[in-house]
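Trainee: I would like to learn how to read pockets, cavities and helix packing in a model. Could we go through them together, slowly?
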Amino acid sequence: MAFGSVESLLRAAESVPVWEAVLLDDLSDRGVEREASWEKMAGLWRAMEDSVASYDPERRSACGLTGGDGAKVEHAQIGLCGPVLTAVMATALKVGECNACMGRIVAAPTAGASGVLPAVLLPMKEKYNFSDDDMVQALYVSAGFGQVIATRASIAGAEGGCQAEVGSASAMAAAALVALLGGTPEQMAWACATALQNLMGLVCDPVAGLVELPCVKRNVIGAVNALTAAELALAGVGSPIPCDEVIDAMRSVGDVLPASLRETGGGGLAATPTGRRITEELLGR
């Protein structure tokens with residue numbers, strides 16, 4: 001039985017940690033052994049690490065729109081946001097660039113939002129010296145909340161706009177971070193709800209239909225948003241609107257977004273004069 005609500009996920013977590021409730025659900029849903037489930041999730045964690053470790057600042061996407069920005073942020077040492085937040089931003093860019101340059105990433109929940117979870121989790125692993133097992137448990141938490149969002153709403157930009165991609169990834173990362181830092185299941189739900197609220201209504205308007213502009217930089221915003229949502233929740237700042245209702249509201253917003261703002265490349269930044277010029281130069285139309 002897949003979780004159809006955050007409420008049901010929290011009920012399942014009354015007797016076991018959230019991560020284990022999700023793992024047990026996976027065993028039941030896919031009919032696999034515990035070791036197989038764990039190894040699959042551990043493989044995803046290793047792939048996230050590799051997508052950053054293999055980053056090449058000289059590499060560019062086929063169209064030339066993307067590449068090298070992660071290194072710029074990492075080495076600029078501006079100091080405005082502090083070392084941890086700078087690492088989060090740089091990591092989001094690196095993974096987004098990896099995706100645009102046809103590197104190997106983890107779609108979490110989608111390729112277009114693949115930079116958010118690694119950008120939150122990798123710097124936190126280094127900051128707090130978490131183990132790989134800790135990180136795998138965090139991924140189970142993120143998967144549980146992501147499953148609910150996918151079931152009740154959508155994780156596809158073509159259906160719900162970028163709120164369904166980067167917004168969902170941000171919510172998943174926020175819940176996972178709360179779990180890593182010892183928060184309660186209720187605080188995980190608060191963090192998920194807050195992250196979704198903050199990005200509700202975010203449109204999907206890729207220039208030339210490519211998952212590059214503005215997608216890569218939106219991964220940065222999604223990652224930073226996850227940190228703020230997690231810190232609010234851990235401080236006891238709750239969400240007056242229950243998480244399931246926030247997810248339902250996100251779906252309602254996505255349903256009324258015009259088609260031009262749902263991954264068609266027909267509105268938003270894609271419809272600006274420069275966006276259209278780039279499209280014509282790259283695609284000849």
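Trainee: Which element gives the largest share of the lining of the largest pocket?

Mentor: Before the answer, note that this is a predicted model, in which local features need pLDDT of at least 70 and side-chain atom pairs count only at pLDDT 80 or more, while totals for chains, interfaces and linings use all residues. Residues are numbered from 1 along each chain as its sequence is written, and side-chain values use heavy atoms, with hydrogens and water left out. On a 1 Å grid over the protein atoms alone, a pocket is an open set of points with protein on both sides within 12 Å along at least five of seven lines, a cavity is a set where a 1.4 Å probe fits but cannot get out, and lining residues have an atom within 4 Å of a point. Here the largest share, eight residues, comes from α7, where helices are DSSP runs (H or I, at least four residues) numbered from the N terminus.

Trainee: What volume does the largest pocket have, and which residues lie nearest its centre?

Mentor: A volume is the space filled by probe spheres set on the grid points, which are joined across faces, edges and corners. For the largest pocket this is about 550 Å³, and of its 25 lining residues Met-41, Leu-44, Leu-139, Ala-143 and Gly-144 lie nearest the centre. Two or more lining residues come from each of α2 (18-30), α3 (34-53) and α7.

Trainee: How many residues of each class are in that lining?

Mentor: Ala, Val, Leu, Ile, Met, Phe, Trp, Tyr, Cys and Pro count as nonpolar, Asp, Glu, Lys and Arg as charged, and the others, Gly among them, as polar. The lining of the largest pocket has 15 nonpolar, five polar and five charged residues.

Trainee: How many cavities of 30 Å³ or more are counted?

Mentor: The count is one, and the largest cavity has a volume of about 30 Å³. Its lining includes Gly-96, Ser-114 and Cys-215, and divides into four nonpolar, five polar and no charged residues.

Trainee: At what angle do α7 and α12 pack?

Mentor: Two packed helices are described by the angle between their axes and the distance between the axes. Axes are lines fitted to C-alpha atoms over the stretch in contact, and angles run from 0 to 180 degrees between N-to-C directions. Helix α7 (residues 132-152) and helix α12 (residues 243-256) pack at about 45°, with axes 9 Å apart. That makes α7 oblique to α12, because angles under 35 degrees count as roughly parallel, over 145 as roughly antiparallel, 65 to 115 as roughly perpendicular and the rest as oblique.
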